[in-house]
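The sequence and structure come first.

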Amino acid sequence: MTRITDIFSEQVYAVVEQIPFGKVLSYKSVAILAGYPRHSRLVGYALRHVPSNRLLPCHRVVTSSGRLVPYWTEQKELLYRERVEFTSRGYYVDMKRFAWQYNDL
DNA sequence: AGGTTGACTCACC
DNA sequence: TGGTGAGCCAACC
């Protein structure tokens with residue numbers, strides 16, 4: 001297939017695989033690092049369709065405001081296990097402290 | 001071929 | 001905080 005997301009998805013996966021334990025990245029940042037700055041929505045599409053056999057820490061990808069995936073209750077638990085902390089009301093990841101600073105590479 | 005749909009983001013209020 | 005509306009763009013009817 002020649003769908004753009006086939007190539008795109010591979011690059012997205014490659015980025016997500018590199019997110020360190022205990023850190024998160026926004027869809028937008030993943031899109032930028034994958035080389036497609038305006039395709040944050042497609043990152044969501046790609047991650048929603050990750051093959052089940054593929055081991056990928058996609059729970060470490062959140063919205064730019066730090067929100068979690070709606071209706072994916074397991075995600076918060078996974079992040080808890082990595083000692084990722086949330087804002088007082090618990091709706092947002094504390095991005096100030098837990099967003100991966102990939103600029104340091 | 002064209003409208004609808006998002007695991008999105010940003011600006012505003 | 002929280003809602004809305006516009007911009008985004010390929011997949012999917």
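## Contacts with the DNA strands

Around DNA strand B lie Ser26, Tyr27, Lys28, Ser40, Arg41, Gly44, Leu47, Arg48, Thr63, Ser64, Val69 and Trp72. Of the atoms of DNA strand B that come within 4 Å of the protein, 46% belong to sugar and phosphate. The model is a predicted one, and the distances below are computed from its atoms.

Helices H2 and H3 each supply at least two residues of the surface near DNA strand B. H3 gives the most to this surface, with 5 residues.

The residues around DNA strand C are Arg3, Ile4, Thr5, Arg38, His39, Arg41, Leu42, Tyr45, Arg67, Arg89 and Tyr91. Here sugar and phosphate make up 79% of the DNA strand C atoms that come within 4 Å of the protein. Arg41 is listed around DNA strand B and also around DNA strand C.

| Residue and atom | DNA atom | Distance |
|---|---|---|
| Tyr27, side-chain N or O | base nitrogen, DNA strand B | 2.9 Å |
| Lys28, polar side-chain atom | phosphate oxygen, DNA strand B | 2.4 Å |
| Leu47, backbone N or O | base nitrogen, DNA strand B | 3.3 Å |
| Arg41, side-chain N or O | base oxygen, DNA strand C | 3.3 Å |
| Tyr45, polar side-chain atom | sugar or linking oxygen, DNA strand C | 2.3 Å |
| Arg89, polar side-chain atom | phosphate oxygen, DNA strand C | 3.0 Å |

On the DNA strand C side, the elements that give two or more residues to the nearby surface are H1 and H3. The largest share of that surface, 3 residues, comes from H3.

## Aromatic pairs

A search of the whole structure finds 2 aromatic pairs. Phe8 has a relative accessible area of 1% and is buried.

The rings of Tyr80 and Phe86 also pair, with their centres 5.4 Å apart. Their planes stand at 55°, so this pair is tilted. An angle over 60 degrees would be needed for edge-to-face, and one under 30 degrees for stacked. Phe86 has a relative accessibility of 15% and counts as buried. The ring of Phe86 has a further neighbour in Lys76, whose charged end sits over the ring, 4.9 Å from its centre.

## Helix H4 and its buried face

Helix H4 covers residues 74-81. Which residues of H4 are buried? They are Gln75, Leu78 and Leu79. Viewed down the axis of H4, the buried residues fall within an arc of 95°, so they line one face of the helix. These buried residues pack against strand E2, which spans 61-62.

Gln75 is located in H4. Its relative accessible area is 0%, so Gln75 is buried. Leaving aside residues up to four places away in sequence, Gln75 touches Cys58, His59, Val61, Val62, Leu68 and Val69. Val69 is also among the residues around DNA strand B.

Tyr71 is not a glycine, yet has a positive phi of about 70°. Tyr71 lies in the loop between strand E2 and helix H4. Is Tyr71 buried or exposed? With a relative accessibility of 84%, Tyr71 counts as exposed.

Arg83 likewise is not a glycine and has a positive phi of about 70°. This residue takes that angle just after H4, in the loop between H4 and helix H5 (95-98). Arg83 is exposed, its relative accessible area being 64%.

Key. Residues numbered from 1 in each chain as written. Chains lettered and ligands numbered in written order. Predicted model: local features only at pLDDT ≥ 70, side-chain atom pairs only at ≥ 80, totals over all residues. Heavy atoms only, no water. Phe/Tyr/Trp six-rings, centres within 6.5 Å; stacked < 30°, edge-to-face > 60°. Buried < 20%, exposed > 50% of the residue type's maximum accessible area, 1.4 Å probe, protein only. Lys NZ or Arg CZ within 6 Å of the ring centre and 35° of its normal. Helix = DSSP H or I, 4+ residues; strand = E, 2+ residues; numbered from the N terminus. Arc of directions from axis to C-beta. Contact = heavy atoms within 4.5 Å. Near = heavy atom within 4 Å. Polar contact = N/O pair within 3.5 Å; in protein donor to acceptor, adjacent residues only side chain to side chain.
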